[in-house]
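Dear colleague,

Please find below the structure that I am handing over to you. My notes on what was found in it follow directly after.

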Amino acid sequence: MRLSRRITGIIQGGSDGWDVYYRANRLSDEGLDITHLTIGEHDIGTDRSILDAMHEATLAGHTGYSAFNGKIGLRERVAQRVSERTGLPTTPDNVLVVPGGQAGLFATHHAACDEGDTALYIDPYYATYPGTIRSVGARPLAIPARPDRMFQPDPADIAPHAAGASSLLINSPNNPTGVNYSRDTLMGIARLCQDHGLWLISDEVYDTQLWHGQHVSPRTLPGMEAQTLVIGSLSKSHAMTGSRIGWVVGPEEAIEHMGNLATHTTYGVAGFVQEAACFALDRGPDFEAMIAAPFRRRRDLVLRLLEAQNTVRPIPADGAMYVMLDIRATGLSGEDFANRLLDTHHVAVMPGESFGQAAAGHVRVALTVDDERLAQAVGKLVALAQELTA
Ligand code: PLP
């Protein structure tokens, strides 16, 4: 039977960029001691107190169908959190609860784009972006952010593609580069969106992991509230990746229509997960800082370890749980280097090319193992780079 072009076309080019990751997992399954620095998953599980709250919520009966657009208690908490963090008054009518940031990416593009519309996004990008855009029938168009600008996007590079496009997706702090977009960058992007009537889709799932500068949510910039859709999630901020809980914040009308999408796709998020999310948010900023702290420490550790050499050049991450490394001096592509590192030293990192062409010749190191193991892995990575350069 013929399958739709829309579904068979989600992944293009036969690879979804995760080959090294899958191979590393297979080698682990075969018994090899692999250091996994690939995906953005904490090395701690969800906190026991949150799991207890989830368990209690199941026993208290939150196991039936839940409000499709999210429980009012959770939408209130998200609205309050966003109001406090950004200074922009936000109400529960501006909030849709979704099963994780990924579902938010799908819902926002569904809301912003018609069939065949152009949806812009910045390269390097989180690996699901183009496939998510294709899955709503839109046409993804990547705009490179250049390594010589430390991957800070230049609005002048976006401008030629803005006319006729429907949306622009940005992500700050950024996966994979760790860059935090400056206010100037965001002001330039906001002006473009206003000039060309683009929806700005702002993926802010790393907003609690910021080591330098200030996190500016572009929804707060003058005139942008009416055309910005913000994606948030408890996956990274609260180590709740498996609970699948996040939100979209935006104008009431857009939120209402995305609520209809939820009714016709996910049918809402499990009530006991939403109760646990309320509990998690009530633990406040200190808890979020505690979850973020190891990534900052490990980011500093990696940069320190790389100081003594200049074969591998780090992009000093402003935030998020990764450090991007420029390995172009070796003459290898990010993919060849990552495969070589896996085979010879049993260290798995993500090739920059998995995140787009702008990050070619780079690898992304996820800071998701204990400090000692991370230091050993970085030592092996540098040794391989130096060997190849010599
Ligand atoms: N956006 C970015 C930039 C991510 O890195 C991720 C996950 O790694 C997601 C969205 C999806 O997160 P969630 O677990 O909330 O679906």
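The span of residues 34-381 is 41% helix and 16% strand, and its end C-alpha atoms lie 13 Å apart. UniProt lists these residues in an unreviewed entry as "domain: Aminotransferase class I/classII large". Please bear in mind throughout that the model is predicted.

The ligand site may be of particular interest to you. There are 14 residues around the ligand, and those that come nearest are Gly-101, Asp-203, Ser-233, Ser-235 and Arg-244.

- Gly-101 places a polar backbone atom 2.7 Å from an oxygen atom of the ligand.
- Asp-203 has a polar side-chain atom 2.6 Å from a nitrogen atom of the ligand.
- Lys-236 contributes an N or O atom of its side chain, 2.8 Å from an oxygen atom of the ligand.

On its own, the ligand has 400 Å² of accessible area, and the protein covers 94% of this.

Ser-243 is located in the loop that runs between helix H9 (234-237) and strand S8 (246-249). Is this serine buried or exposed? Ser-243 counts as buried, because its relative accessibility is 14% and the cut-off for buried is under 20%. Apart from neighbours within four places in sequence, Ser-243 is in contact with Met-54 and Val-273.

Val-78 belongs to helix H4, which comprises residues 72-86. With a relative accessibility of 1%, Val-78 also counts as buried. When neighbours within four places in sequence are left aside, the residues in contact with Val-78 are Val-95, Trp-247, Val-249 and Leu-281.

Finally, I turn to the cysteines. How many disulfides does a search of the whole structure find? The search returns zero. Cys-193, for instance, is in no disulfide: the nearest cysteine sulfur belongs to Cys-113 and is 12 Å away, whereas a disulfide would require the two sulfur atoms to be within 2.5 Å. Cys-193 is buried, and its relative accessible area is 0%. Cys-278 counts as buried too, at 7% relative accessibility.

With kind regards

Notes. Residues numbered from 1 in each chain as written. Predicted model: local features only at pLDDT ≥ 70, side-chain atom pairs only at ≥ 80, totals over all residues. Heavy atoms only, no water. Buried < 20%, exposed > 50% of the residue type's maximum accessible area, 1.4 Å probe, protein only. Helix = DSSP H or I, 4+ residues; strand = E, 2+ residues; numbered from the N terminus. Contact = heavy atoms within 4.5 Å. Near = heavy atom within 4 Å. Polar contact = N/O pair within 3.5 Å; in protein donor to acceptor, adjacent residues only side chain to side chain. Areas by Shrake-Rupley, 256 points an atom, 1.4 Å probe, with all protein chains shown as cover. UniProt positions renumbered as here; feature names shortened; annotations may be inferred.
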